Amino acid sequence: MEYNAFFPPHEGLRLQDIAARLGAELSDQAFADRMVRSIAPVSRAKQDQLCYILSRRNRDELLTCDAAAVICDESLKSIVPGHIPALICKNPHTIFAQAGELLHPSAMRPSAVAEGTSVSASAHVDPTASLEPGVIVEPFAVVGAHVQIGAGTRIGPGAIIGAEVQIGRDCTIAGGASILSALLGNGVIIHNGVRIGQDGFGYAPGPRGMIKIVQIGRVIIQDHVEIGANTTVDRGTMDDTVIGEGTKIDNQVQIGHNVRIGRHCGIVSKVGIAGSTRIGDGVMIGGAAGINGHITIGDGAQIAAMSGVVSDVPAGAKVGGTPARPIKHFLRDMADILARAEERDRKTGDKNV
């Protein structure tokens, strides 16, 4: 893939300067002044691009690689061709991510759609709202009464910021998002189409059908949380829905009312978390997993994709399947099912295996 207009290459950084800023060791100082402008996969990296490898499986791709440098750990230095220097480090994946941020800072959060350094004339900002210096409000955004927005925050086109909402500094609220009944910390990134603070799903049975239970809680989003496109976060019924510092949430995730998510969790697309669930710090949840309500997921737990979690998960546990169970049990069960199916097909002569 050639460079494109969406994310143009950097004007250039010296390889030695990149190594210093990333805390990596440049294997050959003869390449110290080589200019780097972008990143690329090892299979097609050019002389002004960085790539990285994590295992010897990349050996064949390295034979045709022409990168500015390859990021790798010490054990893989020997398979890097002599015409390419190595940036040696202990955590190549992390260092490559940091290199990408250096070379493409504009790609780290949703970019502005319209030019401007203040409030667009076509946006509506209630006169009682308080915006610190440096806040940008793009066209057709609506900022409600008594809203507070911190310096360096950008509100994208068509976004809706409801009355009394507070948003910290250096946040990005992308186009079409709606933020209601919520308090956001600093450095929060909200992608396009996210819905925060709408009603939680609460009803009580009545003589003529379901009776709506009032939802008067809030959503609390702590510093440096990132929430992907079209994700929904319901406000609490009487308590708050809380997302802890540094947690990263993918696209199309549903978080129910009164859910509390800890710090530095990773939640992948299409996960559904039912109301009043408690999720600890550092929990990782794979795509399309369903989490039952009113349960507790302990610190550091890992939940495999497409799992159905119906009961508490201990801290540090790894679970998978439906109902979710220890991952080794799930994998053993799957192997047993496949073996039985293959044996049945052999006996019946079924060739559609």
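Visitor: How many residues are in the largest nonpolar core?
Guide: The largest nonpolar core has 51 residues, and those with the most contacts inside it are I173, I190, I196, I227 and I297. A nonpolar core here is a set of buried Ala, Val, Leu, Ile, Met, Phe, Trp, Tyr and Cys residues joined through side-chain atoms within 4.5 Å. Buried means under 20% relative accessible area, exposed over 50%, and partly exposed in between, with a 1.4 Å probe and protein chains only.

Visitor: Which strands each supply at least two residues of this core?
Guide: β18 (182-184) and β23 (219-221) do. Strands (E, at least two residues) and helices (H or I, at least four) are DSSP runs, numbered from the N terminus.

Visitor: Before going on, what sort of model is this?
Guide: This is a predicted model: local features need pLDDT of at least 70, side-chain atom pairs count only at pLDDT 80 or more, and totals for chains, interfaces and linings use all residues. Residues are numbered from 1 along each chain as its sequence is written, and side-chain values use heavy atoms, with hydrogens and water left out.

Visitor: Fine. What is I196 in contact with?
Guide: Leaving aside neighbours within four places in sequence, I196 contacts S178, I179, L180, A182, I190, V219, I221, I227 and V233. Contact means heavy atoms within 4.5 Å.
Guide: There is also a second, separate core of 21 residues, which includes I18, L87, F96 and A99.

Visitor: On to the sheets. What is the strand order in the sheet of nine?
Guide: The order of that open sheet is β9-β12-β15-β18-β23-β26-β29-β32-β35, and the pairing is parallel. Its edge strands, each pairing on one side only, are β9 (130-131) and β35 (296-297). Two strands pair if DSSP finds at least two bridges between them.

Visitor: Give me one pair from it. How do β29 and β32 run?
Guide: β29 (residues 260-261) and β32 (residues 278-279) pair in the parallel sense over two bridges. I261 has I279 as its bridge partner in β32.

Visitor: And the sheet of 11 strands, what is its order?
Guide: That one is also described as open, with the order β10-β13-β16-β19-β24-β27-β30-β33-β36-β38-β39 and mixed pairing. β10 (136-137) and β39 (325-326) are the edge strands, each pairing on one side only. Within this sheet, β30 (residues 266-267) and β33 (residues 284-285) pair in the parallel sense over two bridges, and I267 is partnered by I285 in β33.

Visitor: What does its side chain reach?
Guide: The T241 side chain reaches the backbone nitrogen of G236 at 3.4 Å. Beyond neighbours within four places in sequence, the contacts of T241 include R218, V219, V233, D234, I255 and H257.

Visitor: Then H10. Buried or exposed?
Guide: Buried, at 18% relative accessibility. H10 lies in the segment before β1 (13-14), and a polar atom of the H10 side chain is 2.8 Å from the backbone nitrogen of G12. Leaving aside neighbours within four places in sequence, H10 is in contact with R37, L102 and L103.

Visitor: How many disulfides?
Guide: Zero, taking a disulfide as a pair of cysteine sulfur atoms within 2.5 Å.

Visitor: Last one, helix α4. How many residues does it have?
Guide: Helix α4 (residues 327-348) has 22 residues and reaches 32 Å from its first C-alpha to its last, close to the 32 Å expected at 1.5 Å a residue. The expected span is 1.5 Å times one less than the number of residues.

Visitor: What follows α4?
Guide: G349 does, with a positive phi near 80 degrees.

Definitions and conventions
Polar contact = N/O pair within 3.5 Å; in protein donor to acceptor, adjacent residues only side chain to side chain.
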